[in-house]
Amino acid sequence: MEIKVCGPGCPNCEKAQKTVEAAIAAKGVQVTVTKVTDFQDMAKLGIFSTPAVVIDGKVKCAGRAPKQSEVEAWIS
Amino acid sequence: MNPLQASCGCACSAGPKLIFSCSGAADVGELADQAARTLTRDGHGKMFCLAGIGGRVSGILKSTEAAASILAIDGCALDCAEKSLEEAGITRFNHLRLTNLGFEKGKANVNTDSIAQVVEKAKLFLS
(Lines give C-alpha, C1' and ligand atoms only; values in the text may rest on other atoms or scores of the structure.)
Protein backbone atom coordinates (compact mmCIF):
# COMPACT_ATOMS: atom_id res chain seq x y z
CA MET A 1 0.00 0.00 0.00
CA GLU A 2 1.19 3.49 -0.85
CA ILE A 3 -0.02 6.69 0.79
CA LYS A 4 0.71 10.15 -0.55
CA VAL A 5 0.18 13.14 1.73
CA CYS A 6 -0.16 16.24 -0.43
CA GLY A 7 0.49 19.75 0.82
CA PRO A 8 3.16 22.42 0.70
CA GLY A 9 4.07 22.08 4.36
CA CYS A 10 1.86 24.46 6.32
CA PRO A 11 0.59 23.48 9.81
CA ASN A 12 -2.57 21.93 8.37
CA CYS A 13 -0.55 19.75 6.03
CA GLU A 14 1.79 18.75 8.85
CA LYS A 15 -1.26 17.77 10.87
CA ALA A 16 -2.45 15.54 8.01
CA GLN A 17 0.98 13.91 7.83
CA LYS A 18 1.08 13.23 11.57
CA THR A 19 -2.48 11.86 11.52
CA VAL A 20 -1.57 9.44 8.73
CA GLU A 21 1.56 8.31 10.56
CA ALA A 22 -0.43 7.80 13.79
CA ALA A 23 -3.04 5.73 11.96
CA ILE A 24 -0.37 3.56 10.38
CA ALA A 25 1.26 3.01 13.77
CA ALA A 26 -2.10 2.17 15.36
CA LYS A 27 -3.01 -0.36 12.68
CA GLY A 28 0.50 -1.79 12.38
CA VAL A 29 0.29 -2.10 8.60
CA GLN A 30 3.11 -1.99 6.06
CA VAL A 31 2.72 1.25 4.15
CA THR A 32 4.95 3.48 2.08
CA VAL A 33 4.27 7.13 2.83
CA THR A 34 5.35 9.82 0.40
CA LYS A 35 5.05 13.55 0.90
CA VAL A 36 4.00 15.52 -2.19
CA THR A 37 4.77 19.24 -2.04
CA ASP A 38 4.83 20.15 -5.73
CA PHE A 39 1.57 21.67 -6.98
CA GLN A 40 2.09 20.28 -10.49
CA ASP A 41 2.30 16.77 -9.07
CA MET A 42 -0.88 17.40 -7.11
CA ALA A 43 -2.64 18.78 -10.18
CA LYS A 44 -1.86 15.54 -12.02
CA LEU A 45 -3.98 13.81 -9.39
CA GLY A 46 -6.77 16.39 -9.80
CA ILE A 47 -6.00 17.91 -6.42
CA PHE A 48 -6.51 21.66 -6.09
CA SER A 49 -7.20 21.85 -2.35
CA THR A 50 -4.75 20.76 0.32
CA PRO A 51 -4.03 18.91 2.47
CA ALA A 52 -5.01 15.80 0.56
CA VAL A 53 -4.47 12.12 1.20
CA VAL A 54 -4.09 9.64 -1.65
CA ILE A 55 -4.11 5.89 -1.08
CA ASP A 56 -3.03 3.62 -3.92
CA GLY A 57 -3.83 6.32 -6.46
CA LYS A 58 -7.26 7.18 -5.12
CA VAL A 59 -7.80 10.58 -3.51
CA LYS A 60 -9.51 9.97 -0.17
CA CYS A 61 -9.81 13.56 1.00
CA ALA A 62 -8.83 17.04 -0.13
CA GLY A 63 -9.02 20.44 1.47
CA ARG A 64 -8.87 19.15 5.03
CA ALA A 65 -6.80 17.08 7.41
CA PRO A 66 -8.55 13.73 7.93
CA LYS A 67 -9.40 12.24 11.29
CA GLN A 68 -7.24 9.37 12.47
CA SER A 69 -10.29 7.08 12.54
CA GLU A 70 -10.93 7.86 8.87
CA VAL A 71 -7.38 6.99 7.88
CA GLU A 72 -7.52 3.79 9.91
CA ALA A 73 -10.68 2.78 8.04
CA TRP A 74 -9.04 3.56 4.69
CA ILE A 75 -6.00 1.39 5.38
CA SER A 76 -7.82 -1.53 6.99
CA MET B 1 -6.80 31.46 11.90
CA ASN B 2 -3.25 30.45 12.54
CA PRO B 3 -1.06 33.26 11.15
CA LEU B 4 1.24 30.71 9.54
CA GLN B 5 -1.67 29.33 7.55
CA ALA B 6 -2.79 32.80 6.56
CA SER B 7 0.61 33.73 5.19
CA CYS B 8 1.93 30.51 3.73
CA GLY B 9 0.20 30.97 0.38
CA CYS B 10 -0.90 27.36 0.17
CA ALA B 11 -4.31 26.01 -0.74
CA CYS B 12 -5.30 25.17 2.83
CA SER B 13 -6.92 28.34 4.08
CA ALA B 14 -9.80 28.48 1.62
CA GLY B 15 -11.00 26.21 -1.15
CA PRO B 16 -11.05 27.60 -4.68
CA LYS B 17 -14.10 28.98 -6.48
CA LEU B 18 -14.72 26.36 -9.14
CA ILE B 19 -16.45 26.86 -12.48
CA PHE B 20 -17.93 23.99 -14.45
CA SER B 21 -19.06 24.56 -18.01
CA CYS B 22 -21.20 22.14 -20.00
CA SER B 23 -18.83 22.86 -22.93
CA GLY B 24 -21.41 21.21 -25.15
CA ALA B 25 -21.32 20.81 -28.92
CA ALA B 26 -23.88 23.54 -29.61
CA ASP B 27 -23.02 27.21 -29.97
CA VAL B 28 -24.34 27.94 -26.48
CA GLY B 29 -22.09 25.16 -25.15
CA GLU B 30 -19.12 26.82 -26.81
CA LEU B 31 -20.18 30.14 -25.33
CA ALA B 32 -20.39 28.60 -21.84
CA ASP B 33 -16.94 27.12 -22.33
CA GLN B 34 -15.35 30.37 -23.53
CA ALA B 35 -16.92 32.32 -20.67
CA ALA B 36 -15.59 29.83 -18.11
CA ARG B 37 -12.08 30.10 -19.59
CA THR B 38 -12.27 33.89 -19.59
CA LEU B 39 -13.41 33.94 -15.97
CA THR B 40 -10.44 31.73 -15.07
CA ARG B 41 -7.95 33.87 -16.98
CA ASP B 42 -9.32 36.99 -15.28
CA GLY B 43 -8.95 35.44 -11.84
CA HIS B 44 -12.62 35.18 -10.89
CA GLY B 45 -12.47 31.44 -10.28
CA LYS B 46 -11.00 28.27 -11.67
CA MET B 47 -12.53 26.30 -14.51
CA PHE B 48 -12.61 22.66 -13.51
CA CYS B 49 -13.16 19.50 -15.54
CA LEU B 50 -16.78 18.44 -15.82
CA ALA B 51 -15.55 15.25 -17.50
CA GLY B 52 -13.72 14.44 -14.27
CA ILE B 53 -17.02 14.66 -12.44
CA GLY B 54 -18.67 12.36 -14.97
CA GLY B 55 -15.73 9.96 -14.81
CA ARG B 56 -15.77 10.06 -11.00
CA VAL B 57 -12.06 10.94 -10.89
CA SER B 58 -11.34 10.91 -7.17
CA GLY B 59 -9.08 13.98 -7.09
CA ILE B 60 -11.58 16.05 -9.07
CA LEU B 61 -14.48 14.93 -6.86
CA LYS B 62 -12.71 15.55 -3.56
CA SER B 63 -11.37 18.93 -4.67
CA THR B 64 -14.87 19.90 -5.80
CA GLU B 65 -16.30 18.91 -2.44
CA ALA B 66 -13.71 21.20 -0.81
CA ALA B 67 -14.52 24.21 -3.04
CA ALA B 68 -15.47 27.51 -1.45
CA SER B 69 -18.17 27.92 -4.08
CA ILE B 70 -19.17 26.29 -7.34
CA LEU B 71 -20.74 27.76 -10.47
CA ALA B 72 -22.20 25.52 -13.16
CA ILE B 73 -22.73 27.16 -16.56
CA ASP B 74 -25.08 25.40 -18.94
CA GLY B 75 -25.71 26.49 -22.49
CA CYS B 76 -29.25 25.21 -22.77
CA ALA B 77 -32.14 23.78 -20.81
CA LEU B 78 -30.76 20.24 -20.99
CA ASP B 79 -28.66 21.41 -18.02
CA CYS B 80 -25.96 18.77 -18.50
CA ALA B 81 -23.48 20.44 -16.13
CA GLU B 82 -26.08 20.77 -13.39
CA LYS B 83 -27.19 17.16 -13.79
CA SER B 84 -23.63 15.84 -13.91
CA LEU B 85 -22.80 17.52 -10.62
CA GLU B 86 -25.99 16.32 -8.99
CA GLU B 87 -25.43 12.75 -10.18
CA ALA B 88 -22.04 12.87 -8.45
CA GLY B 89 -23.69 13.95 -5.21
CA ILE B 90 -22.68 17.62 -5.43
CA THR B 91 -25.70 19.77 -4.70
CA ARG B 92 -24.26 22.98 -3.28
CA PHE B 93 -23.68 25.15 -6.35
CA ASN B 94 -24.96 28.11 -8.28
CA HIS B 95 -26.38 27.58 -11.74
CA LEU B 96 -26.37 29.80 -14.82
CA ARG B 97 -28.24 28.80 -17.98
CA LEU B 98 -27.39 30.84 -21.06
CA THR B 99 -30.75 30.47 -22.79
CA ASN B 100 -32.19 32.31 -19.79
CA LEU B 101 -29.95 35.24 -20.73
CA GLY B 102 -31.56 35.46 -24.17
CA PHE B 103 -29.12 33.30 -26.11
CA GLU B 104 -30.90 30.92 -28.46
CA LYS B 105 -29.47 27.49 -29.09
CA GLY B 106 -28.41 27.20 -32.73
CA LYS B 107 -28.53 30.95 -33.27
CA ALA B 108 -26.03 32.26 -30.71
CA ASN B 109 -22.96 34.14 -31.82
CA VAL B 110 -19.78 33.28 -29.97
CA ASN B 111 -17.72 36.45 -30.00
CA THR B 112 -16.06 38.84 -27.58
CA ASP B 113 -19.32 40.68 -26.91
CA SER B 114 -21.40 37.60 -26.12
CA ILE B 115 -18.59 36.10 -24.02
CA ALA B 116 -18.31 39.37 -22.08
CA GLN B 117 -22.06 39.37 -21.49
CA VAL B 118 -21.94 35.87 -19.98
CA VAL B 119 -18.84 36.70 -17.96
CA GLU B 120 -20.51 39.75 -16.39
CA LYS B 121 -23.50 37.67 -15.35
CA ALA B 122 -21.35 34.80 -14.06
CA LYS B 123 -19.24 37.17 -11.96
CA LEU B 124 -22.33 37.91 -9.86
CA PHE B 125 -22.34 34.25 -8.79
CA LEU B 126 -18.63 34.22 -8.01
CA SER B 127 -18.28 37.38 -5.91
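Guide: Helices and strands here are runs assigned by DSSP, with at least four residues of type H or I for a helix and at least two of type E for a strand, and they are numbered from the N terminus. The model is a predicted one. With those terms, chain B reads α-β-α-β-α-α-β-α-β-α along its sequence, which amounts to 6 helices and 4 strands.

The part to look at closely is the sheet of chain B. What is the order of its strands? The 4 strands form an open sheet in the order 2-1-3-4, and their pairing is parallel. Strand 2 (46–47) and strand 4 (94–97) of chain B are the edge strands, as each of them pairs on one side only. Strands of a sheet pair through backbone hydrogen bonds, and the sense can be parallel or antiparallel.

Now take one pair from this sheet. Strand 1 of chain B, residues 17–21, and strand 3 of chain B, residues 69–74, are joined in the parallel sense over 5 bridges.

Helix 2 of chain B, residues 27–41, lies across strand 1, strand 2 and strand 3 of chain B. Its direction makes an angle of about 160° with strand 1 of chain B.

Between strand 1 and helix 2 of chain B there is a loop, and B:Ser23 lies in it. Most residues other than glycine have a negative phi. B:Ser23 is not a glycine, yet its phi is positive, at about 50°. Is B:Ser23 buried or exposed? It has 21 C-beta neighbours inside 10 Å, and because the cut-off for a buried residue is 20 or more, B:Ser23 counts as buried.

B:Arg56 can be set beside it. This residue also has a positive phi, of about 55°, although it is not a glycine. Its place is the loop between helix 3 (50–54) and helix 4 (58–65) of chain B. B:Arg56 has 11 C-beta neighbours inside 10 Å, and because 12 or fewer means exposed, it counts as exposed.

For chain B as a whole, 43% of the 127 residues count as buried. Among its contacts with a separation of 6 or more, 66% are between residues 24 or more positions apart.

Next comes the partner chain. Chain A has 3 helices and 4 strands, in the pattern β-α-β-α-β-β-α. Its radius of gyration is 11 Å, close to the 11 Å given by the globule rule for 76 residues, so chain A is as compact as a globular protein of that length. Along the principal axes, its C-alpha atoms fill a box of roughly 30 × 25 × 15 Å. Of the 76 residues of chain A, 43% count as buried.

Strand 1 of chain A, residues 2–6, is mostly covered, with 4 of its 5 residues buried. A:Ile3, for example, stands opposite A:Val33 in strand 2 of chain A. From strand 1 the chain passes through helix 1 of chain A to strand 2 of chain A, a β-α-β crossover that is right-handed. Strand 1 of chain A also pairs with strand 3 of chain A, here in the antiparallel sense and over 4 bridges. In that strand 3, A:Ala52 stands opposite A:Cys6.

The loop between helix 2 (39–44) and strand 3 (52–55) of chain A holds A:Pro51. Most peptide bonds are trans. The bond from A:Thr50 to A:Pro51 is cis, with omega near 0°.

Last, where do the chains meet? The contact takes 20 residues from chain A and 18 residues from chain B. On the side of chain A that touches chain B, helix 1 (11–27) and strand 4 (58–62) of chain A are the elements that give two or more residues. Strand 4 of chain A gives the most, with 4 residues. That side of chain A has 12 nonpolar, 6 polar and 2 charged residues.

Note on methods: Residues numbered from 1 in each chain as written. Chains lettered and ligands numbered in written order. Predicted model: local features only at pLDDT ≥ 70, side-chain atom pairs only at ≥ 80, totals over all residues. Pairing = 2+ DSSP bridges. Contact = placed C-beta atoms within 7 Å. Axes fitted to C-alpha atoms, helices over the stretch in contact; angles between N-to-C directions. Nonpolar A, V, L, I, M, F, W, Y, C, P; charged D, E, K, R; others polar. Rg over C-alpha atoms; globule rule 2.2 N^0.38 Å. Right-handed = clockwise from strand over helix to strand, strands pointing away.
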